Structure formats: structure tokens, C-alpha cells
Amino acid sequence: MKRVTANLKCCWICPTVLLSLFVFVGPPAIAFPQEKITKEELLVLPGEVGRPGGRLVVSLRGEPKTLNPLIAADARSREVIGVMQADLVHINRARQQTEPALAKSWKISPDGLSYTIVLRQGLKFSDGQPLDADDVLFTFRVYLDENVHAPQRDLLIVSGKPITVRKADAHTVVFQLAKTYGVGERLFDGLAILPRHLLEKPYQEGKLGQSGSLATAADQWAGLGPFRLKEYVAGQRLVLERNPYYWKSDAQGNRLPYVDELVFLFVPNADAQVLKFQSGETDMISQLGAENFSVLSRQQRGYTMTDAGPGLEYNFLFFNLNDAGEKTSPEMQRKQKWFREVKFRQAVSAAVDREAIVRLVYQGRGAALWGLVAPGNRRWGNEKLPHPAWSFERARALLKEAGFSWSNGPNGESTLLDSDGKPVEFSILTSSSNADRAKMAALMQDDLKQLGMRVQVVPLESRSLLDRVTQSRDYDACIMGIASYDADPNSDISVWLSSGGLHLWNPSQAHPATPWEAEIDRLIEEQMSARTFEQRKKLYDRAQEILAENQPMIFLASPNILAGAKNSIGNFRPAVLEPYVLWNVEQLYLKNGTENATR
Amino acid sequence: MRYLVRRLGHAFFLLAGASVLAFLFTALAPGTYFDEMRLNPQIAPETVAALRAQYGVDKPLPLRYASWLNSVLHGDMGFSFAYNGPVAPLLVVRARNTLLLTITSTLFAWAIALPLGVWSAERLGRLSDRLLSWGTAVLLVIPDLALALGLLIVAVRSGSFPTGGMASVDFETLSPANKLRDLALHMILPVTALVLSTLPLLVRHVRASVADVLDAPFLLAALGHGIPKRTLLYRYALPAAANPLISLFGFSIGVLLSGSLLIEVVMSWPGLGPLLLEAILARDLYVVIGGMLFSTFFLVGGNLFADMLLYWADPRIRAESNAR
């Protein structure tokens, strides 16, 4: 695994030059059914050459809701759409960097305001209709239309102004930004280019939301991804077939994807997913918990489990720092006096045994966390961020400095008292559907007891939890986790900015409540429009340091990405970015060819 | 006839009441479907607000109920936020699968419970009867969930049963006979789990009702006339004991239906269970209400059927309702 990624890295420094020089050691090619490609400008992927044919079966934790990228709001729909659609520029999930996709090349003007994108020629949608600049124009018109309510719209608003799109010629499109945008071409990742020939009519009739439902006939839906719709059986499965017009080929010029069919089985329950994988009914499994991973690892029969290392999910505790003004109850006022004390938060952070969390919650398959950037994020972490050791002494010293004291109870238990002599007691909310976070809360409860704090853990159903935290804001502390969708810090922008909805300890502020929040706002805004990676990294490192000093979020741990596949699956290389195992689905193949197809 | 009309009236009121309660409870649950979008850093709060307004989530409850009722009367069960489409087609496909499971389980459960209960009543107090009582008691205390998971583990270990689901991946390519076989194979585990979970209740009731009538003078008289035991039990004792059992039949449909919602989730059976669970967690309001209404409808339908059976089986009811 390591060797392959290393290879990729060096070859991708200058893709266009090196690609042709790349030498492959793979099994000799067997006769491919389709003719070699001539006039289309295909993207040639380096790497192991596979064999065509067969079927891949994976399970989804539930049904996708739609095939329409314009309305997909849930992870499952997005996972399915991910293999049916394609974007102009794509973030390679293994290297975490951009690479050409539908765009053959792109150029950013010196002022960073205009992006000229050249499309590959001769490309076709999965229904055989040609792709040209008009499709791209149409796509962005739809995304930006306020009446469509596409979630993509908000990504395309740069400093309050929508990006404008202009057609230069049949295969060239120019995007104009109001302000330089630090993320650069990463912006285009995940923005599926839509088939104008199918969607223009529903768009004009205002019925775009009804298009692409799961019940759509296979010939009424098309995309540019490696697979296209074949059959949907309500509540049971979604069958996709190979897109014969897909625009990638392997190093020997064979058109991808290798497998003929990709089947998503809907399995609503994690344990049932494990059983299905164990019994050989599914070929791959991902998003595994540590317990299930070790069970599967213990009895490997014809499959191999892979630990891809820490992912981008970060789990943290935060205190309620909202200012409800006069409506705040006296009790809440008293509690918030502690919560607002930075030394109190630092003490809590010092008292948390993060290594124990990794060991007991993730069975060692995770990483302790001291900052917002998860260890899976290779480029953006701040190595200089302090990793203070777990220490009750330091925690006690901090509390003492902040005016807290201790009283000894009759049975030798010490109770932490605030400066008014009141005992320190609060509750931590966790989501009842996430066993990992409930365990973290229990471990923290134990750690904080050593400081004399009395902590209750309150598991809540996840919507109720969200309601409490973001709407009624009636809680003391809460443990949550966020999984970034990209390695670039901009994916977490609404966590950083005080006006952001995910600035959970005090969301959607009109003005930054504290000087350090104002400073973070400034740094993040500035890095948004900085041009070079180095500039951005410097600003972003500083923001991470401020966050670590002030501890509005007490970072706990980050789980590893755990996955598994049958030994017969070739090119299986799980990544730490979503979609963990399907990101290179076009390259996955069955080593024993079509024999594997029928079970 | 009047009996039927009265029963139908009851059923209608039950459905109406259930719909009001369903609406109330879903409204009481904190949070809405759109809350999770707020947590998605890619979606601006203004977009969420616009969506909320578009779907009328913020309107007062009676107003929402009235407009929902109006659309139901026009044959439209409402709109699913998650699927971005009408609710009825979603429910109909899954309700069919749930019914298949429930009806099969009901038939099997009764087909096993009746002879077992009669057999046990005949041996009242003997060792075999007591063993059966113990057995049913043990089954009664095992939670459905444990039962289903246990069966799934058996399936994985033995390798001869599919681990959940309703059909194989290549179902469409099979011949009709093989399709039937495939379906039956997939049904074995969930049906077994459901039958095992209701069996103890049914066996115990059958045993008690039959044991009650076994002491009746007319049976002693029949015994005295030298009528064979088997005929006596099934031709005379069982019909006499049928009355409470028929009522229990209606009730057992309800038990199996609610049991099947759970079993479906565990065994990935594509019925109402997984859909409802997901809709409840996601606050997909009208799917929840529609699903609850469908379940109530089956329950009420089952009870109505039991009432009809009772009417047919018990001359007293016929006489009573005709006399009025």
C-alpha cells in the first residue's frame, strides 16, 4: 500500500509529462471487449491494470433518497451520486490534492479572479449524448438559481457575490470570481456536471426537484461518472451498470471502469452489514467501528481488513458559551461563569486522558487530538501545536489560579467549589446513537471526578441534541464529532467563523463575542483570499494556536478509517477521505475475472 | 349488517384518532428534518430557512393537520422531505413486504400454536405439559431482538441461509420457480423469529381456553358416548373454546406487526420498519405519520376480520345484533 501511494506521489508532480513515461508491472492484458480509444481525450490513470467484468456488491447503511445532486442532502445519496456523476476538477482522495477530471486543464489568472477551464473533447454522458460547454453553463446556472435551493449554491458565493460563468468556445469555460479565493480549483470538486439535454425542460417547468428520484427510468437519467442507473428495488438494492462512455482509461488504454455492475444493498444496521460481509454476500465494507473491525480481523476468511489510519473526523467537548442576555436563568449564569473562565476550560482539557479514550473507545485504532485539524489531514496540521500531557496536578493548579477551591466530604471525596463556594456540577450531552461518544463522555466523567467536578452524562437522540445545542441552547456541555469532507480548512469554515452555524459553543454571532474569536475571524477571512499555500498555512496555523490556547472546543480523539475487502478485489486502497473505499471504484476489479460474479 | 357498519365506524374513528395522535407526537419531538442541514458546513442558514418556509414546517400544528387531512382525502398522503416526493408510493411497496412477512408469520404461528395448545391442555399438569410451559416461558422472556440476532448468527455460522434481505442480488435473472425458492429462503429467518416471539403467548392462551372447556358437562357427556378423543378435542372442544381465541387472533396481528417492524430492521427486510425508523430519526414527518397510519390500518383491518369471524362463529353475537 505504502509503495503504491509513494509511486503515485512522485508521478503526479507533473501528471501530463510523466504519465506517458510510467511503466507498469501488471498482469498481461486479456482481450478487452471494447475497442481501443482514439479521438476522445481520455484521462489515463496510472497504476495496476485490472481485468474487466464481474460485479461488486457493497452495503449502504440505508436507502439513498435521490439520484439528483441538486437535492441530495444525506451521505448515502451523495455516496451513490459520487459514482454516477463527475466534476470538472477532482480531489484525489488518496493524495488529498486536485487532479484534472472533466477539465483537461485549467488556468488561474495572475490576479486569481478568473479561472479558465478547458474541457476534454469528445466526452459523452452515460446515455451517449455529447458533453460541451453549454452543459457546464447550464449546470452552474442551475446551482446558482435561488429558486432551486441547491446546497451547492452556497459554495459558489465568494464574498457575497455569486461566481459568474462565461463560455469562451465549445470546450472552454471562464469562471469569474469577485475576490481571490484561497481554495482555488478545489472549489470544483464534487460539483457534478449535469446533463442539460435531460434537465433543461424540468428546470424551465420548475420541476427540477422531482427529477432523478430513485424511481426514474434508467434511460431518463445520465451522468458522467463511472456507473449509470440500471435498476432500483425499493428498500432492497440499487443496481448500477458500467458507463460505456466513461472518460478514463488505464495505462494500457482499456476503458474504465473494470466491473460491469455495482450493487448497493440497503442494510439498515451496522451489525447486519458486518454479518453480510462475513458471509461473503458483500465484497467490501467501510465505516466500521473498532469493535466490529477487530471481530472481522480475528476471523479473516478470504478477506483482508485494512486500517487506513486516522481520518478527518474530530470529536470534541464544548461548553455552552452562548449569551442569552437577561433570559439566562440564575443557575445558568453561575455555570457560565465557570465555562467562560479560560483556565477552567484548560483545566478540563488537562484532566482528560486522551490516550485512554483512544485505547478504550477505539481499541487503539485512533489518534489523540489537541487541535481541530485531524491527524489524517497531511498538509494542514500544525506540528507546533502544544500537546500538553495528561496531568491532574496542572489541572488543579489552573483551577486554583482561577479561584476554585475544594472541600472534603464525609467519605473522603473532595468537591470542587467555585469562588462563591458553590459545588461545580454540570451535565454533558451526547448522541444516544453514537456509542463511541457515549463512552468518551463516561471516561471524561471519571477524569473530571478526580478534580472534584460532578458530571452527569445525558444521552439524547441526535435531532433532540441538535435542537438543544443550536436552537434552544439550553445545555451545559456537549460532546460532538464533525467529519470534514475535505482536507482543505475551508471545509470547516463554519466552525471557525464566529458567524458560522457550526461555531457550536456560540453559533451564528452577529459580532464576535471575544477578542480571540475576532482574531480567528480575521485570520480565517484573510487566508480565504490568500494566494499561496504557504501564506494560507501560516495564517491557519496561527488560528489553530489561538483555538488551542482558548479551548472553546476541547479536542478528544479521531478514529481511524477502517475497511475491508475480499482478497479477490484488486486495486483496493481505502482512503481517509469520503468515499473511503469507492473513491477509485473505476479501478477496482475482480482478480479472478467474471468467475466471481455469480455466487 | 348493522354489526358490520358499527365495526366499520369504530375502525374509522380509531384511524382518525391515530392520525391526530401521530401528528401530535411527531410535533412534540424536538427538532425538524432541516436541523441536520444546519450542521452541514456547505449549506448556508438562509438556504435552510428558505427550505423550511417552502415546506411549511413553521406553520402552526392545526393548520398543518388540516392541510394534511385535506390532501389525504384527495388520495395524497403527504410529502417526504428526505425523498423529495410523495409518501404513498414509498409506503405501498414496503407495506406489501411487511404484510407478506406478517401474514405468513400469523398463519404459521397459529398453525403451530393450535395443535400444541390443545395437546398441552389434554395433558394438563403432566410432565410433558409442564415442560412445554417451561419452554414457552423461556421463549417469552427472550427479547425479540436477541432472538433475531441469534438467528442471524446461526445463518452466518451455518452458511445455508442468507443474512437478511428479501432477495438475492441476481434475483431478477432467476426463473420463477427459483425466485420463489429464493424468497422462501430469505423469509425463513424473519418468519422464524416472529413465530418464536408470538408462539408462547398463543400456545398459553389456546391451552387455557381449551382446558377451560374440557371440564364442561357436554364434553364429559360426549366422552361418555365413546366419541374418539381426537374428534372430541378438535370437533367439540376447540370450537367451544374458539371465542376468546378469535379475539386473540386480532390482537396477535397487532403484536406481529409491531414485532415485525423491529425484526425488519435487524434482518434488513425491506418493509415499513427500516423506512419508519429512519424517518423517525430524520423527522421526515409525513413518512412517519403515513407509516403509523398504515400500521394502524392493518391492525384495525385485522381486528375487523377477527370481529367478522366472531360474528360468523358465535351465534350469540348474531342474535344480539339482529335483535336490536
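Chain B has 13 helices and 2 strands, with helices (H or I, at least four residues) and strands (E, at least two) taken as DSSP runs numbered from the N terminus. This is a predicted model, where local features need pLDDT of at least 70, side-chain atom pairs count only at pLDDT 80 or more, and totals for chains, interfaces and linings use all residues. Residues are numbered from 1 along each chain as its sequence is written, while chains are lettered from A and ligands numbered from 1 in the order in which they are written.

Along its principal axes, the C-alpha atoms of chain B fill a box of roughly 85 × 60 × 40 Å.

Where chain A meets chain B, the contact takes 45 residues from chain A and 43 residues from chain B; two residues are in contact if their C-beta atoms, placed from the backbone, lie within 7 Å. On the chain A side, H13(A) gives the most, with 5 residues.

Over in chain A, Gly280(A) sits in the loop between helix H6 (270-278) and strand E15 (284-285). Gly280(A) counts as partly exposed because 16 other C-beta atoms lie within 10 Å. Tyr303(A) is 23 residues away along the chain, and its C-alpha atom is separated from that of Gly280(A) by 8.9 Å.

Key. A residue is buried if 20 or more other C-beta atoms lie within 10 Å of its own, exposed if 12 or fewer, and partly exposed in between; C-beta atoms are placed from the backbone.
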